[in-house]
Amino acid sequence: MSTKVKTQSQDDVFKKLVAHCKEYGFIYPSSEVYDGLSAVYDYGPYGVLLKNNLKAYWWKSMVQLHENIVGLDCAIFMHPKTWKASGHVDAFNDPLVDNKDSKKRYRADAMIEDHLKKIEDKIKKEVEKAAKRFGASFDEAQFRATNPRVVEYQNQHDTIDKRLGEAMRTSNMVELKAIIEDLEIADETGSRNWTDVRQFNLMFHTQLGNIAGEEGKLYLRPETAQGIFVNFLNVQKSTRQKIPFGIAQIGKAFRNEIVARQFIFRMREFEQMEMQFFIRPGTQQEWFAKWKQARMNWHLALGAPQEKLRFKDHDHLAHYADAAVDIQYEFPFGFKELEGIHSRTDFDLGAHAKLSGKKLSYFDPELNESYTPFVVETSVGCDRMFLATLSRAFVEETVPDAQGEDSTRIVLKINPAIAPIKCAVLPLLKNKEELTKAALDIFNHLKFSVDCQYDDKDAIGRRYRRQDAIGTPFCITVDFETLENQTVTIRDRDTLKQERIHIKDIERIVLEKTDMRLLFAKI
Ligand code: ATP
């Protein structure tokens, strides 16, 4: 059976995906009965299963598959000095600006970037127009270099981009305000009445009950990495790991994002999957290159097409890094950061050693010397992985051989190894006790090894559609033939093909086809 994908704008698809996530129990807005809490979301019954499977894929590929990487689960609260040493108290800021009329708050750099994007769109339009006009003989590079309008736009763009880059690098808030004024940027109400730009620290904080004032000020961690750094020696000693070795952690992080939008892409409470790899000083380039490729392979093995992934070098390096690259994914709203890979030098261990007065060095028996290890970090957002996975999986199809409401379907083509429900067991009819009993027997056996679901509500076609909508790769249907010869049909979510198999083979076949080892084999 062939299927045809409907064409529609990326915006429409994204809106449908967000609605689908709610309707089918993947993601709900937080505290929705009170109209939600901006940029905070809850994972529903299928969402939590999918998220746990993504985490398992990451964890196993890091910890289980590497004898020199071990796991850790640190507390969210850490000693406040941690964040002083890491630089987050002084340097984890975004430039904030308020509009005095509308009282709305914006990120100054993001507003200027939006302006740059508008210029880029104008250039793109000119290029597209010319490509149409000149047809096959069109030389895009030459057109960009010589068309007066495009050259003018490009010059404007580059001048603003340079000013922005310089202002951000030198934390020059006065210059940021000047750029906003020079470009006559207005907010969505049309007002250009801006306050000065000022630094806004992204860390949430709270207060210890028994200590008043600054001393008792606690932060909600803005990244999980620091828990790994301060535990470096504990882990090294208790596991007797030798350098090079890594420590992996999955956990919540919190950032008081000024501009929080695009669903779960930018949240105030989110989860990170981070691995810090401790190495000999001087070997960072080699390990940076290795982890860069290994992480790209991990994304590809899950089924992301190469053209939806790309590396993007950082233009400006953070204070702790000597090399940094992002893996960007093409979300429905464009290419954006999915994962960061950073060569963090000995900055973090060095800073914690200095502020705590404790030695955080490693004695290398092969070199017979002590040193502060260098670190290469891989850091991927669990929620962004979730969004990338779902936006790729979400497909609206017409099914040519079907009729009526069955002729279209929404299906989540999630890789079977991470699908929330691997298999549904469905009696063909719900009022036939022989069928429901046989189906329940299969389900009650299967549930010990497979995430499966029993469903006897509605007509069978509807039940298939419901399973398609939550991404279940296999449906087992119990029919009258089952009662005669102990066979069932197994329906493939993507091809819609049904095959007859023996009941005793169901568990083996489903486990084989949904085995995470299929992913590991490709990494
Ligand atoms: P961005 O530039 O998009 O704000 P970042 O460079 O600050 O991201 P890192 O500090 O490198 O992000 O964090 C590592 C990963 O954590 C990111 O690649 C991303 O997947 C995830 N992440 C960071 N901030 C958020 C957020 N507010 N919501 C969801 N995920 C996030």
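Analyst: Between two axes, angles of 65 to 115 degrees count as roughly perpendicular, those under 35 as roughly parallel, those over 145 as roughly antiparallel, and the rest as oblique. The model is predicted, with pLDDT of at least 70 required for local features and 80 or more for side-chain atom pairs, while totals for chains, interfaces and linings use all residues. Residues are numbered from 1 along each chain as its sequence is written, and side-chain values use heavy atoms, without hydrogens and water.

User: At what angle do helices H2 and H13 pack, and how far apart are their axes?

Analyst: Two packed helices are described by the angle between their axes and the distance between them. Here H2 (residues 45-64) and H13 (residues 382-393) pack at about 110°, with axes 10 Å apart; they are therefore roughly perpendicular. Axes are lines fitted to C-alpha atoms over the stretch in contact, with angles from 0 to 180 degrees between N-to-C directions. Helices (at least four residues) and strands (at least two) are DSSP runs numbered from the N terminus.

User: Which residues of H2 and H13 meet?

Analyst: Gly47, Leu50, Lys51, Leu54 and Lys55 of H2 meet Cys382, Asp383, Met385, Phe386, Thr389 and Leu390 of H13 (heavy atoms within 4.5 Å).

User: How many residues surround the ligand, and which are the closest?

Analyst: The ligand is surrounded by 15 residues, the closest being Glu257, Arg266, Met267, Glu337 and Leu338; a residue belongs here if one of its heavy atoms lies within 4 Å. The largest share of this shell, five residues, comes from strand E14.

User: Which ligand atoms lie by Glu257, Phe265 and Arg384?

Analyst: A polar side-chain atom of Glu257 lies 2.8 Å from a ligand nitrogen atom, and a backbone N or O atom of Phe265 lies 3.3 Å from a ligand nitrogen atom. For Arg384, a side-chain N or O atom is 3.1 Å from a ligand oxygen atom. The elements that give two or more residues to the shell are strands E11 (269-279), E14 (334-345) and E17 (374-381).

User: What backbone features do Pro244 and Asp35 show?

Analyst: Most peptide bonds are trans, and most residues other than glycine have a negative phi. Ile243 and Pro244 are joined by a cis peptide bond, with omega about 10°; Pro244 is in the loop between helix H10 (232-239) and strand E10 (245-254). Asp35, although not a glycine, has a positive phi of about 70°, and its place is in the loop between strands E2 (27-29) and E3 (41-43).

How values were computed. Polar contact = N/O pair within 3.5 Å; in protein donor to acceptor, adjacent residues only side chain to side chain.
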